[in-house]
Amino acid sequence: MNYSLTILILLIPFATFLFNGLVGMKFKPIVSGLIGTIGLGVITLLAYLTAWQYFFVDGMVGGSFPKVIAMSMEWLRLTDALRIQIGILLDPISVMMLVVITTVSFMVHIYSLGYMKGEKGFERFFSFLSLFSFSMLGLVIATNIFQMYIFWELVGVSSFLLIGFYYSKDSAVAASKKAFIVTRFADLGFLIGILLLSYFTQTFDFKVLTGTDQSIFAQTAGVSFLGMSVMTWAALLIFMGGAGKSAMFPLHIWLPDAMEGPTPVSALIHAATMVVAGVFLVARMFPVFYFQAPDALTVISYVGGFTSLFAAAIACTQYDIKRVLAFSTLSQIGYMMLALGVSGYGGHEGVGYMASMFHLFNHAMFKALLFLGAGSIIHAVHSNVMQDMGGLRKYLPITHITFLIACLTIAGVPFLSAFFSKDEILVAAYEHNKLLFAVEFLVAGLTAFYMFRLYFNIFWGKETHYHHTPHESPKTMTIPLMILALGSVFAGYIPFSKLVTSDSMPFESHMDFGIAIPSVLIGLTGILIAWILYKKESKIPERISKSLGGFYQAVYHKFYIDEVYMFITKKIIFNCIARPVAWFDRHIVDGTMNGIGWITVTSSRNIKGMQSGNLPQYGMVFVLSAIILVLIFSFLI
Amino acid sequence: MNILNLLIIIPVLTVIGIVFTKDFKGARVAAAVGMTLQLITAVILVISFFAQRKAGITGEFLFLSDFTWFKTLNIHYSVGVDGIAVWMLLLASIVVFAGIFASWQVEYLAREFFISLILLATGVFGFFISLDLFTMFLFYELAVIPMYLLIGIWGSGPKEYSAMKLTLMLMGGSALLVVGLLGLYFYSSAAGPVTFNLLELSKISFPLAMQRFFFPFLFVGFGILGALFPLHTWSPDGHSSAPTAVSMLHAGVLMKLGGYGCMRVAMFLLPEAAQEMSWIFLILATISIVYGAFGAIWQKDLKYINAYSSVSHCGLVLFALLMMNRTSMNGAVIQMISHGLMTALFFALIGMIYGRTHTRNIDQMGGLMNVIPFLSVAYVIAGLASLGLPGLSGFVAEMTIFIGSFQHPDTFHRVATIIATTSIVVTAVYILRVVGKLLLGQIREKEYLEFPDAKWYERISVVVLILPIAIIGFYPSYLSSTLLDALNPIIERLTAML
Amino acid sequence: MLQGIPITHVLIVSSFMFFTGVCGFIIRRNMITILMSIELILNAVNINLVVFNKYLFPDQLQGHFFALFVVGIAAAEASVAIALIINIYRRLNSISVDKVNEMKY
Amino acid sequence: MDIASFNLMRNELILVGIVLILLIAEIFTKNENKHKLISMGTILFGVATLINFLPLPEGQLFGGSFQTTRITVFMKSILNMGGFIVFLQSFTWLKREENNGKIGEFFILIISTLIGMNFMISSGDFLMMYIGLELATIPMAALAAYEKFSEKSAEAGIKLILTSALSSGILLYGLSFIYGTTGSIYFADVVSNVGNNSLQTFGFVFFVAGMAFKISLVPFHLWTADVYEGAPVNVTAYLSVVSKGAAVFIFMIILYRVFSSITAVWEPLLYTLAVATMTIGNLFALRQENLKRFMAFSSIAQAGFILLGIMQGGQLGMTTVVYFMLIYVFTNLAAFGVISAISEQTGKENISDYTSLYKTNPKLSLILLLSMFSLAGIPPVAGFFGKFFLFTAAGAKGYYILVLIAVLNATVSLYYYLRVVKAMLIDKSDNPIATFKTPWPMRISLLICVAGIFFIGFASFIYQYISNISFGIN
């Protein structure tokens with residue numbers, strides 16, 4: 001059982017990146033497009049083979065799925081103990097992520113062939129996509145936390161490049177900048193967390209960190225800062241990194257703006273893969289959190305819960321369809337985080353962990369589907385606000401059907417994939433924390449409501465007449481939709497509890513109808529309300545929003561978080577730190593240097609009287625100084 | 001014939017050659033040829049050095065050669081290189097090479113320009129190869145002085161003021177150095193005849209009182225060139241007024257003389273004092289890291305931005321040196337090299353952009369990505385390198401420094417490290433601000449559309465700088481391991497008394 | 001002869017002369033007078049030399065000779081000085097030192 | 001004491017001979033070809049300079065009042081070279097109409113001052129030293145006032161003669177007390193009687209004051225600037241290099257040979273003087289516009305640096321000082337050469353007149369640049385070595401703070417030296433000094449100077465030689 005081929009999973013996308021980036025513009029655009037897509041297809045195949053081999057050919061060793069180091073080379077030796085390895089670690093979650101990423105990425109590649117046709121910088125787009133795939137894959141198969149950090153940064157930058165793809169659009173530039181800086185700020189926490197962790201444990205290696213042997217944490221015993229144990233600090237700081245990438249409250253602000261990027265990018269990066277990196281990070285470090293920093297896990301669960309509610313609320317009020325999807329992404333990731341937070345370790349205790357991974361998998365499918373669908377809608381109507389849409393079902397049949405499927409899935413309608421995962425999450429929450437369970441229960445309803453608000457507004461609602469009739473997108477775009485639709489229907493039947501679990505030992509998970517049925521019901525209620533409000537064009541929504549008044553405004557303006565950030569950055573950082581520093585440097589530090597020069601010159605001007613040109617005065621100075629010297633040296637010394 | 005002497009002889013011959021050229025075309029060709037030879041020599045040097053190491057020749061310095069100069073004063077011309085110096089020499093030759101091509105279009109007094117530029121380079125090379133502190137100091141000053149003419153004659157903006165300020169401050173630094181060097185020289189009489197020789201000085205353990213007295217002189221003296229807060233103010237003015245190649249050379253190589261000197265002379269020869277006083281300078285270095293980064297945020301002038309970021313990055317070098325463990329010092333040297341390359345790249349690109357837009361104010365530019373993609377992409381790469389993107393040299397350096405410094409047993413040092421890490425965010429802020437304003441967005445002016453993209457010579461100088469950045473970024477372990485070996489003697493001496 | 005006069009008295013006289021000369025140099029404005037004050041200083045020196053020789057080292061003549069040379073050289077100095085003063089008088093029609101401060105600072 | 005031993009006074013005698021020859025020659029040359037005297041004098045002097053390089057046995061004459069050692073011979077050679085370069089530089093100036101009648105005088109006066117200096121340097125007692133000093137000073141006043149019809153020149157002359165007369169009075173007064181307390185004027189005898197006696201210290205300090213006047217140390221420097229400015233350029237050059245050099249040499253020799261036992265007194269004394277001299281000299285030099293005045297203050301500052309070497313009091317000290325003076329001769333004379341060439345051509349002597357000189361006269365301005373760098377002590381030119389070794393000498397005594405002050409002063413001095421460079425290379429001017437061709441003697445002199453500036457620094461054997469022949473307190 002060797003996985004030597006898995007190295008190609010990293011090399012191929014990197015090669016295509018280099019090719020498209022350096023010489024891509026020399027050829028016809030389609031060439032680079034095809035190269036990128038084919039490359040991705042190949043590694044998708046490889047990923048499936050790997051998954052197959054890992055789960056079903058090699059299978060379990062001693063009742064659990066082993067952590068296989070497929071390949072590992074020393075990249076940089078920092079100290080004798082701390083060496084940065086670049087390698088490939090295969091275990092249930094990384095293999096699962098491989099499958100998810102390659103699938104979605106492949107779909108997006110195909111889709112982009114159609115969607116981006118004729119765009120300026122086609123080859124640039126594909127080289128960036130390859131770069132992203134490369135970094136994301138590198139992230140999930142990291143053997144150690146530092147390798148993860150490396151690819152973490154690369155993911156960040158490729159997201160920056162892709163959001164700012166339309167670089168002559170100022171809003172896009174601003175959005176990309178925001179995304180990068182916010183995540184960078186979060187990464188600072190991650191880095192400091194790594195520093196703490198590596199200082200106390202003297203290792204980066206996941207195998208050691210998440211292994212059963214807890215003795216490596218002996219150093220940390222009793223070390224605490226501001227009343228929290230150092231491991232809690234480390235865990236929280238590392239989670240801060242995760243929260244940044246996964247856009248958890250309050251670091252979520254970059255994600256809605258990130259929708260400035262091309263829609264396939266939103267589908268790939270800001271729905272399916274990169275934004276769940278945070279979840280993946282927590283899952284990857286789960287034993288460390290669970291055994292060393294349980295408080296951190298609690299924090300995570302609350303952050304997740306709050307974010308999911310908060311985002312769902314905002315999603316109900318937005319009109320830009322991509323933003324609605326973005327907020328729903330936030331809310332779903334909140335689910336996953338919460339699930340991890342409430343999870344236990346091992347056996348049925350770890351149902352939350354399993355559920356979170358499960359939901360991650362399904363979410364990737366249906367959210368990518370939703371975004372791609374939104375893309376094809378925008379492609380058709382050249383706008384992405386609901387007001388310009390309505391009754392599109394006639395024009396875009398395939399998009400319509402697939403979109404509907406996705407909406408049903410996310411709404412948790414029975415026997416579609418999300419139904420299962422969401423149920424598991426609710427179960428985990430229920431067992432662990434009733435309050436959070438209640439929140440999630442409510443969010444389930446909200447989700448159903450805003451998704452169908454979206455759906456009805458687009459495909460039903462008022463009969464808009466378009467100056468040129470929308471037409472269904474080309475095959476390159478519709479085929480991925482269908483495939484993903486299949487994915488989001490049937491992904492739920494994968495027996496996750498057999499494959500991806502907290503201690504990688506399978507356990508029996510069973511449907512808990514006590515929780516499933518109410519959640520389905522509340523979902524259906526949400527759908528029903530949406531039906532009433534938005535099926536036909538009606539004045540009711542306005543009236544409701546009026547009646548809610550201030551609250552509605554607050555929600556509509558995303559609780560003014562952006563404004564707060566604006567204030568902090570522009571006013572505090574720029575005006576209250578950078579500007580004074582610049583001033584201080586110019587006037588105080590530099591002023592001192594110039595002051596020295598000034599003093600010299602002035603003193604030279606002031607003593608010029610000594611050289612009066614008058615002979616007797618010369619004589620006087622001469623004699624007096626001679627006498628003074630005599631007094632000093634013959635009598636004082 | 002010792003290959004190291006070639007590194008001095010070639011530039012001198014080049015200067016003589018330039019004297020006999022007719023016009024600016026001849027001058028620049030002569031300069032280019034000379035510096036190409038120099039680069040080749042440096043590469044050969046590196047290869048043969050590590051070939052010898054592989055052959056098992058241990059001995060801190062190789063290619064030693066020594067010739068007595070002033071016998072009664074026991075001053076020698078003695079050269080030799082260790083694993084750090086060879087890399088520094090390679091860096092210097094790369095930057096000079098790029099600098100020549102970056103200043104291809106200098107026509108006003110071109111011969112004088114190239115002559116002074118290469119004299120400056122001679123000083124740098126001499127500094128890195130010399131083992132005798134007297135010759136080292138001689139070359140140091142030789143490197144500083146042409147700067148005045150280069151900035152004063154071919155500079156822009158308030159050039160006389162900046163040139164004078166830069167020269168006087170650096171000379172003030174060397175004033176401190178003279179005192180320190182003489183101290184070392186005369187206290188070396190404890191073991192045999194007085195000497196300036198680094199190797200022999202490194203065998204002596206000086207009395208603590210003497211170390212306490214002279215360490216600040218040496219460290220600050222070199223520190224000024226290393227832009228140690230608050231003595232960094234020559235750097236913004238100097239860099240912003242200097243012509244392209246000079247900024248490249250100065251920020252890229254000359255500022256490294258400071259860090260190198262701090263390590264090689266101040267800390268290496270006076271270890272106890274270094275251990276004892278490190279905390280003072282550590283605080284200063286930490287300040288300059290954060291302070292430089294914040295200072296860069298507010299600037300409008302591209303060169304000011306880079307000058308301040310250089311302050312920040314060079315502060316990181318001193319910071320890491322003062323941590324005094326193998327990893328951090330290793331990181332410091334890598335940072336010197338990486339910062340040398342990327343800041344040179346920055347200044348080269350700024351010069352090229354300025355040559356087209358005739359302004360360096362970022363508020364008056366925008367959308368260059370549409371018109372000069374090559375330069376813009378290069379600029380983005382430089383920016384990413386300087387904000388520490390994995391796969392480029394900056395990341396390697398910074399991470400080595402941070403991890404290394406954080407291994408320090410003392411809490412104070414670890415806290416300082418955490419403060420220093422915040423600079424990576426601030427760096428990201430100002431780099432992205434520049435990239436956003438300058439390259440992205442709408443095309444600002446109509447005449448941008450006539451801009452030609454990079455000419456062949458510009459491409460050469462850009463590519464020659466980007467390549468090593470990427471190579472170090474991708475495959476740092478060779479560089480890092482060689483440096484670790486080279487650092488051993490220094491570390492041993494530093495930690496001997498702990 | 002000088003029998004009975006203690007050396008200190010003579011030295012006091014000479015130093016008095018010396019300082020008179022110095023004050024003359026500083027106070028007087030006429031160059032000729034300044035020259036004369038310098039002569040006073042030199043003569044004070046001569047007195048010193050002679051007296052030291054006479055009182056302390058009577059068995060040798062170094063002081064005397066020195067004094068003789070001083071006198072001679074003083075004469076030479078004076079001659080050149082006066083020539084220059086005349087030159088100044090030709091230029092400025094005045095021999096007051098206050099006139100000769102064209103170059104200053 | 002046979003006739004052959006007069007060989008010890010070789011240089012002096014030859015110079016006297018030259019003076020005589022010139023006197024006679026002047027009588028028999030008609031007015032229209034007086035200018036032949038210039039080349040004649042120069043050539044004769046050049047020969048003398050060459051002859052003095054020949055080795056000479058050590059020894060003494062007149063019962064020790066005239067002493068010849070290898071170091072004195074070398075010092076005399078330095079002075080000779082300085083004089084020779086000055087002669088080469090003064091060709092065009094002497095060829096002027098109004099100087100036609102006074103060509104002989106110029107040579108005679110300068111050479112006689114040189115004779116005085118030579119005697120002073122090899123003097124073995126205070127009398128000889130005093131005679132030499134006066135012989136070196138009085139003709140100098142006449143030289144300063146050489147330009148009969150220029151008020152400035154006359155003023156320079158009168159200032160020099162009166163102040164120097166005062167100073168020599170003070171010096172003699174000091175000497176008289178030294179004689180009184182030691183009972184001898186012979187160095188050899190004085191040494192043994194020098195002790196810690198306040199009357200003697202009194203005399204000593206007055207003596208130092210008198211010497212300080214000649215070396216123009218602050219606060220005894222006031223005459224310097226005015227005289228330098230007023231005197232003709234070449235005379236100024238001669239003053240600033242040769243007569244200063246002679247004074248430095250004899251001062252050092254006397255300190256080392258006579259007052260070796262009271263270093264405790266003169267080291268702090270020189271410390272004070274050095275600090276004052278460097279600082280004040282620099283501060284004044286900062287704002288000078290007239291180049292001659294500028295050079296005056298710069299030379300004052302340099303004198304301050306020289307004290308660092310003298311203070312060391314050992315063989316190292318004397319070596320560094322002599323070495324520095326050697327370099328200083330070439331450096332300073334290079335600068336003065338350019339200045340005189342330009343003032344001969346255009347009569348301009350202000351820094352502001354030199355703007356963008358490089359455009360029109362690149363060679364001249366490069367030479368000036370070199371000498372400025374050498375004065376500022378910038379490598380690779382010789383000045384760097386000279387200065388660094390002076391600092392080394394001070395360091396050897398452990399005066400690190402003094403070294404720091406000195407080097408900081410050197411930094412300040414760099415500022416005003418760079419001002420000249422800035423004017424020539426950087427500043428733009430719409431009417432720069434027109435391009436002109438310097439006459440060949442000037443070219444030769446400048447060539448010699450540049451060769452010296454470049455060569456002496458690297459030529460360690462010169463330093464070696466000086467170090468071998470010089471002595472110190474032990």
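Q: How are H15(A) and H17(A) oriented to each other?
A: In this predicted model, the axes of helix H15 (residues 351-381) and helix H17 (residues 417-432) of chain A come within 8 Å and cross at roughly 150°. Axes are lines fitted to C-alpha atoms, for helices over the stretch in contact, with angles from 0 to 180 degrees between N-to-C directions; helices (H or I, at least four residues) and strands (E, at least two) are DSSP runs numbered from the N terminus. Angles under 35 degrees count as roughly parallel, over 145 as roughly antiparallel, 65 to 115 as roughly perpendicular and the rest as oblique. H15(A) and H17(A) are therefore roughly antiparallel.

Q: In which crossing does H15(A) pass H17(A)?
A: A crossing is left-handed if the near helix is turned anticlockwise from the far one by less than a right angle, and right-handed if clockwise. For H15(A) passing H17(A), the crossing is left-handed.

Q: How many nonpolar residues has the contact of H15(A) with H17(A)?
A: Residues are in contact if their C-beta atoms, placed from the backbone, lie within 7 Å. H15(A) contributes residues including A:Met354, A:Phe358 and A:Phe366, and H17(A) residues including A:Phe420, A:Ile425 and A:Val427. Ala, Val, Leu, Ile, Met, Phe, Trp, Tyr, Cys and Pro count as nonpolar, Asp, Glu, Lys and Arg as charged, and the others, Gly among them, as polar. Beside six polar and two charged residues, the number of nonpolar residues in this contact is 11.

Q: Which residue of E2(A) is the bridge partner of A:Glu74?
A: Strand E1 (residues 68-77) and strand E2 (residues 83-90) of chain A run antiparallel and are joined by eight bridges; strands pair if DSSP finds at least two bridges between them. A hairpin through five residues links E1(A) to E2(A). The partner of A:Glu74 is A:Gln85.

Q: Why is strand E2 of chain B described as largely enclosed by the rest of the structure?
A: A residue is buried if 20 or more other C-beta atoms lie within 10 Å of its own, exposed if 12 or fewer, and partly exposed in between, with C-beta atoms placed from the backbone. On one side of E2(B), B:Ile75, B:Tyr77, B:Val79 and B:Val81 are buried, and on the other B:His76, B:Ser78 and B:Gly80 are buried. Strand E2 (residues 75-81) of chain B is largely enclosed because its buried residues number seven of the seven.

Q: Which residue takes a positive phi in the hairpin of E1(B) and E2(B)?
A: Strand E1 (residues 62-70) of chain B pairs with E2(B) in the antiparallel sense over six bridges, and B:Ser65 has B:Val79 as its bridge partner. The hairpin has four residues between the strands, and the residue with a positive phi, near 55°, is B:Asn74.

Q: Which helix gives the largest share of the side of chain D that touches chain C?
A: 31 residues of chain D are in contact with 34 residues of chain C. Helix H6 (126-144), helix H7 (151-182) and helix H10 (222-230) of chain D each supply at least two residues of that side. With 17 residues, the largest share comes from H7(D).

Q: How are residues and chains labelled, and which pLDDT limits apply?
A: Residues are numbered from 1 along each chain as its sequence is written, while chains are lettered from A and ligands numbered from 1 in the order in which they are written. In this predicted model, totals for chains, interfaces and linings use all residues, local features need pLDDT of at least 70, and side-chain atom pairs count only at pLDDT 80 or more.

Notes
Two residues are in contact if their C-beta atoms, placed from the backbone, lie within 7 Å.
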